[in-house]
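Please read the following report alongside the sequence and the three-dimensional view.

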Amino acid sequence: MINKIGKITLYVNNQEEAKKFWTEKLNFVVKFEQQMGPNMTWLEVGPSESEFTTFVLYDKNVMKAQNPSMNVCHPNVILSTTDIENAFTKMKENGVEVGKLKKMPYGKMFSFKDQDGNEYLLREDK
């Protein structure tokens with residue numbers, strides 16, 4: 001039935017700032033970007049050109065205007081890396097707000113925030 005996770009929606013205050021955060025600070029690439037009307041852009045970013053799963057960066061205010069009763073909230077997202085120490089160091093160097101690197105019996109992980117203060121978790125999966 002379901003073969004892959006395709007897209008994860010992130011609601012952002014400013015798409016350009018979000019694009020810069022993901023591409024400049026976390027080295028993601030823009031996978032797709034297209035105007036959908038005068039005030040709407042479809043914008044997808046991913047960790048590489050070959051990665052299937054992407055984040056769709058939706059403009060939070062446009063979404064609220066289209067559907068005022070919509071409760072725009074942030075999904076829980078856990079990202080994966082094979083080298084947690086290197087990722088932690090690079091994110092700090094790139095000015096990303098990171099939490100403490102935690103070493104748990106079941107693995108290493110840390111949280112980080114994007115440009116809007118949304119929190120994510122990065123864990124090491126080898």
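N27 is placed in the loop between α1 and β2 (29-37), where helices (H or I, at least four residues) and strands (E, at least two) are DSSP runs numbered from the N terminus. The phi angle of N27 is near 60 degrees, a positive value in a residue other than glycine. This is a predicted model, in which local features need pLDDT of at least 70 and side-chain atom pairs count only at pLDDT 80 or more, while totals for chains, interfaces and linings use all residues. Residues are numbered from 1 along each chain as its sequence is written, and side-chain values use heavy atoms, with hydrogens and water left out.

## Single positions

A residue is called buried under 20% relative accessible area, exposed over 50%, and partly exposed in between, using a 1.4 Å probe and protein chains only. S48 lies in the loop between β3 and β4, and it is partly exposed because its relative accessibility is 27%. Not counting residues up to four places away in sequence, S48 touches V29 and K31, contact being defined as heavy atoms within 4.5 Å. N61 belongs to helix α2 (residues 60-66) and, with a relative accessible area of 49%, is partly exposed. I78 lies in strand β5 (residues 78-81) and counts as exposed because its relative accessibility is 57%. With residues up to four places away in sequence again not counted, I78 touches L121 and R123.

Each of these three positions can also be paired with a residue elsewhere in the chain, as the table shows.

| Residues | Separation in sequence | C-alpha to C-alpha distance |
|---|---|---|
| S48 and N27 | 21 residues | 8.4 Å |
| N61 and N14 | 47 residues | 8.8 Å |
| I78 and S111 | 33 residues | 9.1 Å |

## Aromatic rings

A pair of aromatic rings is described by the distance of the centres and the angle of the planes. Rings of Phe, Tyr and Trp (its six-membered ring) pair if their centres lie within 6.5 Å, and planes under 30 degrees apart count as stacked, over 60 as edge-to-face and the rest as tilted. The structure holds 11 aromatic pairs. One of them joins W42 and Y58 edge-to-face, at 5.5 Å centre to centre and with 85 degrees between the planes. This pair links distant parts of the chain, since W42 is in strand β3 (residues 40-46) and Y58 in strand β4 (residues 54-59), 16 residues apart. W42 counts as partly exposed because its relative accessibility is 22%, whereas Y58, at 14%, counts as buried.

F55 and Y120 form a tilted pair, with 6.4 Å centre to centre and 35 degrees between the planes. Here too distant parts of the chain are linked, with F55 in strand β4 and Y120 in strand β9 (residues 119-124), 65 residues apart. Both F55 and Y120 are buried, and together with F21, W22, F28 and F112 they form one aromatic cluster.

Another ring has a charge over its face: K4 lies over F52, at 4.7 Å from the ring centre. A charge is said to sit over a ring if NZ of Lys or CZ of Arg is within 6 Å of the ring centre and within 35 degrees of the ring normal.

## Nonpolar cores

A nonpolar core is a set of buried Ala, Val, Leu, Ile, Met, Phe, Trp, Tyr and Cys residues joined through side-chain atoms within 4.5 Å. Of the 23 residues in the largest nonpolar core, W22, L26, F55, L57, F110, F112 and L122 touch the most other members. The elements giving two or more residues to this core are β1 (7-12), α1 (15-25), β3, β4, α3 (84-93), β8 (107-113) and β9, and α3 gives the most, with 4 residues. A second, separate core of 6 residues includes Y11, M40, V56 and M63.

Leaving aside neighbours within four places in sequence, F112 is in contact with residues including F21, W22, L26, Y120 and L122.

## Two domains

The protein is divided into domain 1 (1-74) and domain 2 (76-125), with bounds that come from an automatic or database domain assignment. The centres of domain 1 and domain 2, taken over C-alpha atoms, are separated by 20 Å. In all, 15 residues of domain 1 are in contact with 15 residues of domain 2. The area buried between the two domains is about 1200 Å², of which carbon and sulfur atoms give 59%; buried area is the accessible area (1.4 Å probe) that two parts lose on being put together, summed over both.
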